[in-house]
Amino acid sequence: MTETLFGYVSSYGLPVIAISAFLSCLALPIPTFAVMLSGGAFAASGDLVLWQVLSTAYLAAVLGDQSGFQVGRWSGRAAIEFLARSPKKEALIARANASVARWGGAGVFLSTWLFAPLGPWVNLIAGAAGMPRLQFLAWDSTGEAIWVATYVGLGFLFGSRLPDLVELVGNWAGLISSIGISSVLGALLVRAAIRHRRRE
Amino acid sequence: MLKFFKSHPILSMVFAIALVVTALFLVRFAVSTIVWSDPDPHQQPIAGWMTPRYVARSRQVQPEIVADALGLGRDGTGRRLTLDEIAVSQDRSLEELRLALEAAVRDARSETGD
């Protein structure tokens with residue numbers, strides 16, 4: 001399957017890079033990291049031009065994130081206002097909003113590159129929770145710069161063995177994300193256990 | 001302890017699944033690291049998605065050697081084609097192209113004494 005993807009990148013070049021970077025920010029399951037790595041690899045071989053690959057991927061990714069954020073703004077606010085009618089949930093939502101205000105910037109930043117699979121969902125949540133647009137744009141565009149430069153750069157440097165590189169990087173990214181998710185869940189469990197003990 | 005997990009069944013289960021997935025990725029990452037550190041970089045078979053220039057780079061030979069082996073003209077346009085597309089346009093099988101390329105790469109290496 002990834003080989004088909006390499007074929008698309010080498011045949012159609014920049015449009016494929018743009019479309020996949022944009023759509024993956026909207027939670028479509030496209031292995032965009034593999035597209036970025038092959039974009040870098042074909043730039044190194046001379047089939048594509050490095051600065052064009054970098055700028056296309058970057059602009060498409062930031063645009064995609066902005067679209068997800070906007071969708072969150074439109075649909076999320078209505079949903080939240082509906083939920084907030086019950087006073088119990090209102091308190092919960094106020095707490096969620098407070099934590100987005102406190103941790104949201106760092107969350108958006110990390111979700112663009114370190115925990116990339118969470119990216120689309122963080123965009124929606126940030127939009128729904130009413131994060132200021134400029135704050136979102138600043139964190140998001142910084143994070144995407146790291147993501148695009150890292151993946152295209154790795155492809156450029158080590159892409160002469162593209163299939164092996166995609167395996168290696170894909171498994172590394174999966175490992176980091178699953179460690180991150182496990183840690184958050186573990187922390188939630190520990191917190192619940194402490195409360196559980198206090199009650200006993 | 002067990003009582004606690006029973007009182008939080010969903011969170012406990014999701015956490016257990018996350019741990020299993022993490023372990024799975026750990027194994028996969030370890031395997032792909034071993035594959036990556038294989039000292040022979042020329043094991044990668046020539047495939048249909050590759051472009052002539054990609055083949056040249058991955059086999060560390062001059063692009064001209066690959067272009068000659070594929071019978072491509074050097075018109076300077078450098079249009080991007082995959083081996084699959086070249087095979088179709090020349091009415092040859094991918095396997096034929098692959099054999100021609102491997103032979104050309106071997107010849108080029110033996111000339112330079114690699």
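The model is predicted.

Start inside chain A. The crossing of H7(A) and H8(A) is right-handed. On the H7(A) side, the contact is made by A:Tyr151, A:Leu154, A:Gly155 and A:Phe158. H8(A) contributes A:Leu165, A:Val169 and A:Ala173. By class, that makes 6 nonpolar residues, 1 polar residue and no charged ones.

Now follow H8(A) to the other chain. Its partner there is helix H2 of chain B, residues 9-36. The axes of H8(A) and H2(B) come within 8 Å and cross at roughly 155 degrees. This pair, too, is therefore roughly antiparallel. The crossing of H8(A) and H2(B) is left-handed. The residues in this contact divide into 20 nonpolar, 10 polar and 3 charged.

Step back to the whole interface. The size of an interface is often given as the accessible area lost when the parts come together. Chain A and chain B bury about 3400 Å² between them. Of that area, 65% lies on carbon and sulfur atoms. The contact takes 44 residues from chain A and 34 residues from chain B.

Charged pairs also cross the interface. There are 2 salt bridges between chain A and chain B. B:Arg28 forms a salt bridge with A:Glu167. In that pair, the closest N and O atoms are 3.7 Å apart.

Note on methods
Residues are numbered from 1 along each chain as its sequence is written. Chains are lettered from A and ligands numbered from 1 in the order in which they are written. This is a predicted model: local features need pLDDT of at least 70, side-chain atom pairs count only at pLDDT 80 or more; totals for chains, interfaces and linings use all residues. Side-chain values use heavy atoms; hydrogens and water are left out. A crossing is left-handed if the near helix is turned anticlockwise from the far one by less than a right angle, and right-handed if clockwise. Helices (H or I, at least four residues) and strands (E, at least two) are DSSP runs, numbered from the N terminus. Contact means heavy atoms within 4.5 Å. Ala, Val, Leu, Ile, Met, Phe, Trp, Tyr, Cys and Pro count as nonpolar, Asp, Glu, Lys and Arg as charged, and the others, Gly among them, as polar. Axes are lines fitted to C-alpha atoms, for helices over the stretch in contact, and angles run from 0 to 180 degrees between N-to-C directions. Angles under 35 degrees count as roughly parallel, over 145 as roughly antiparallel, 65 to 115 as roughly perpendicular and the rest as oblique. Buried area is the accessible area (1.4 Å probe) that two parts lose on being put together, summed over both. A salt bridge is a side-chain nitrogen of Lys or Arg within 4 Å of a carboxyl oxygen of Asp or Glu.
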